[in-house]
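Walk through this protein chain with the model open beside the text.

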Amino acid sequence: MIAHVDVNSAYASFERVFNPALETVPLVVLSNNDGMVVAASKEAKRLGLDLGKPWFELRPDAARLGVVAVSSNYELYGDMSRRVMDVLERFTSDLDVYSIDEAFLTVDRRTSADPQAMAQLGHDITDALRRLLGVPVCVGIAPTRTLAKLANRAAKKIPTFGGVCVWPATDPQWRERLMRALPTSEVWGIASRLQQRLGGYGIMSVWDLATANPARLRRQFTVVVMRTALELRGVACIGPEEDRTGRKQQIIVSRSFAQKVTTVAVMRQALSIYAQQAASRLVKHHQVAHKITVFAGTSHHAQDRHHPTITVRLPFPTADPVELTRAAHRLLPQIMHGARYARAGLLLTDLTTAGQQRPLEIFASRHEDAGIATLIDQVHKHVGKDMLGLGYAGLRPGPAWQMKRPMLTRRATTHWAELTTVRA
C-alpha cells in the first residue's frame with residue numbers, strides 16, 4: 001500500500017505556525033514582487049481568492065473582507081518542508097519526497113493487510129505533524145500512487161474522513177459514484193489539454209478513464225495515460241522517480257526585476273548573481289554543466305521590445321562560479337543601454353555528474369578545485385545570501401532590482417535575528 005501525505009494549503013499553514021493570529025483569517029501568499037496569489041488558505045478560497053489572481057485587483061477590498069496578505073517567505077517554507085519530511089521518515093523505511101508539500105510513503109506489509117491499522121497509521125501521521133510542527137495534513141492510502149492521490153483528495157474534501165482516507169476500506173459503490181462524478185482533470189497527471197483530448201473520445205469522468213480499454217488508450221494517447229488508467233484500477237504501474245539522487249536535466253535561474261534595468265553595469269551585476277546561484281545549485285546536486293544559455297528581455301508590451309540571448313559551450317564541464325560568470329557576461333555586448341529590461345536569467349543544460357570527467361591539468365579550474373562555490377553556499381546558509389558575493393555579485397549597496405517582499409514575515413527558523421520569542 002502507498003500513503004500519500006499532503007500539507008493543507010502549505011504556504012499558508014507554514015505562515016500560521018509562527019503567527020497563530022492568522023489561524024482563522026483569510027490568508028493569501030503572494031508571488032515574487034507581490035504580483036499575484038500563489039497560495040491561499042481555505043478561508044480565502046471561500047471568498048473566491050483563487051490562485052493566480054493579481055494582488056493589485058484584490059488589494060482595494062482586502063481590508064473590508066478581512067484578508068491578510070504576506071510576501072513569499074521561501075526560506076521559511078523550505079525549512080518547514082524539510083522538517084515535515086524528517087517527521088514522515090519515522091513512519092516508513094521508504095519515503096519518496098514528491099514536492100515541497102507532499103510525499104509518498106510505502107506502507108509495510110503487516111499494516112497493509114489490516115484496514116484499521118492503515119487508518120491508525122494515517123491518524124498517527126496527522127497527529128504527529130500537528131503536534132510536533134503545528135502543520136495540518138491529509139493522508140490518502142491506496143494500492144497505487146494515483147489512487148492514493150485520489151484518496152487524499154477525498155480526505156481533504158469530505159469531513160467524515162477526518163483527514164485520512166483508506167481507499168480499500170471504503171464502500172465499492174461509493175467509490176464508483178465518486179469516480180463517476182469527478183472529471184478526468186482530478187486525476188494525477190491529467191492537465192486541461194489532455195482532459196480535452198480524452199473528452200473527444202468520450203472519456204469524461206475518472207470512471208470512464210479507469211474502465212477504458214488500456215490498449216486503446218496506449219494507441220490513441222500514450223503509455224503514460226494507459227498506466228494511469230491501470231493505476232485507477234488498482235494495478236501499480238507508476239513508481240518513484242527512477243533517479244532518486246536529485247539529478248536535474250537542466251537548471252534555470254531567472255527573475256523579474258522589481259525595477260527595470262536600463263544599464264549594462266546593472267545587468268552585469270544581475271547576471272553575476274544569477275551565475276553564482278546557478279553554481280550553488282550545481283554543487284547541491286553534485287553536477288556540472290557543459291552549456292549555458294543567457295537571456296534578457298524587456299516587457300512584451302514595451303514599444304522597444306528587445307530579447308537578446310546567447311548560448312555558450314563551456315570549455316570543460318564545470319560548476320565553477322567564476323567560469324559561469326564569465327560565460328554569462330558574454331551577453332553584455334548585446335544589451336542596449338537605455339532599454340528597460342524586465343527580466344534576465346540563465347539556463348544550464350547538458351548536465352552530468354561531477355567528477356565523471358576530469359579535465360586535463362592545463363584546463364582545470366583552480367577555483368573549482370578550491371571549492372569556491374561550496375564555500376559561498378556554506379556562508380550563505382549560515383549568515384544569509386546578502387553577506388557575501390563573488391565579484392560584481394558582492395557589490396554594496398545591494399541591487400535595487402532584486403525581488404521586493406515588503407510584507408515578508410519572519411524567517412523564524414533560518415535567521416538568528418528573526419527567531420521567535422516565546423513569553424510564558
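**Helix pairs and loop residues**

Start with helix α13 (residues 264–284) and helix α14 (residues 321–328), which pack at an angle of about 140°, their axes 8 Å apart. That angle makes α13 oblique to α14. Angles under 35 degrees count as roughly parallel, over 145 as roughly antiparallel, 65 to 115 as roughly perpendicular, and the rest as oblique. The axes are lines fitted to C-alpha atoms, for helices over the stretch in contact, and angles run from 0 to 180 degrees between N-to-C directions. Helices (H or I, at least four residues) and strands (E, at least two) are DSSP runs, numbered from the N terminus.

The crossing of α13 and α14 is right-handed. A crossing is right-handed if the near helix is turned clockwise from the far one by less than a right angle, and left-handed if anticlockwise. On the α13 side, the contact (heavy atoms within 4.5 Å) uses Leu271, Ser272, Ala275, Ala279 and Leu282. These meet Pro321, Leu324, Thr325 and Ala328 in α14. By class, the contact of α13 with α14 has seven nonpolar, two polar and no charged residues. Here Ala, Val, Leu, Ile, Met, Phe, Trp, Tyr, Cys and Pro count as nonpolar, Asp, Glu, Lys and Arg as charged, and the others, Gly among them, as polar.

A word on the source. The model is predicted: local features need pLDDT of at least 70, side-chain atom pairs count only at pLDDT 80 or more, and totals for chains, interfaces and linings use all residues. Residues are numbered from 1 along each chain as its sequence is written, and side-chain values use heavy atoms, with hydrogens and water left out.

Now the whole chain. It has 16 helices and twelve strands. Of its 424 residues, 45% are buried. Buried means under 20% relative accessible area, exposed over 50%, and partly exposed in between (1.4 Å probe, protein chains only). Among contacts between residues at least 6 apart in sequence, 66% join residues at least 24 apart.

Move to helix α1 (residues 10–17) and helix α4 (residues 74–88). They pack at an angle of about 90°, with axes 10 Å apart. α1 and α4 are therefore roughly perpendicular to each other. Tyr11, Phe14, Glu15 and Val17 in α1 meet Leu76, Tyr77, Met80, Ser81 and Val84 in α4. By class, this contact has seven nonpolar, one polar and one charged residues.

α4 also packs with helix α6 (residues 115–133), at about 135° and with axes 10 Å apart. That makes α4 oblique to α6. The crossing is right-handed. From α4 come Met80, Arg83, Val84, Val87 and Leu88; from α6 come Ile125, Ala128, Leu129, Leu132 and Leu133. The classes are nine nonpolar, no polar and one charged.

Next, the loops. His306 lies between β10 (287–298) and β11 (309–318). His306 counts as buried because its relative accessibility is 19%. Its side chain makes a polar contact with the side chain of Tyr341 (2.7 Å). Such a contact is a pair of N or O atoms within 3.5 Å; within protein, one must be able to donate a hydrogen and the other to accept it, and residues adjacent in sequence count only if both atoms are side-chain atoms. Not counting residues up to four places away in sequence, His306 touches Ala296, Gly297, Thr298, Gln334, Met336 and Tyr341.

At 71% relative accessibility, Gln249 counts as exposed. Gln249 and Thr352 are 103 residues apart in sequence and 8.6 Å apart in space, C-alpha to C-alpha.
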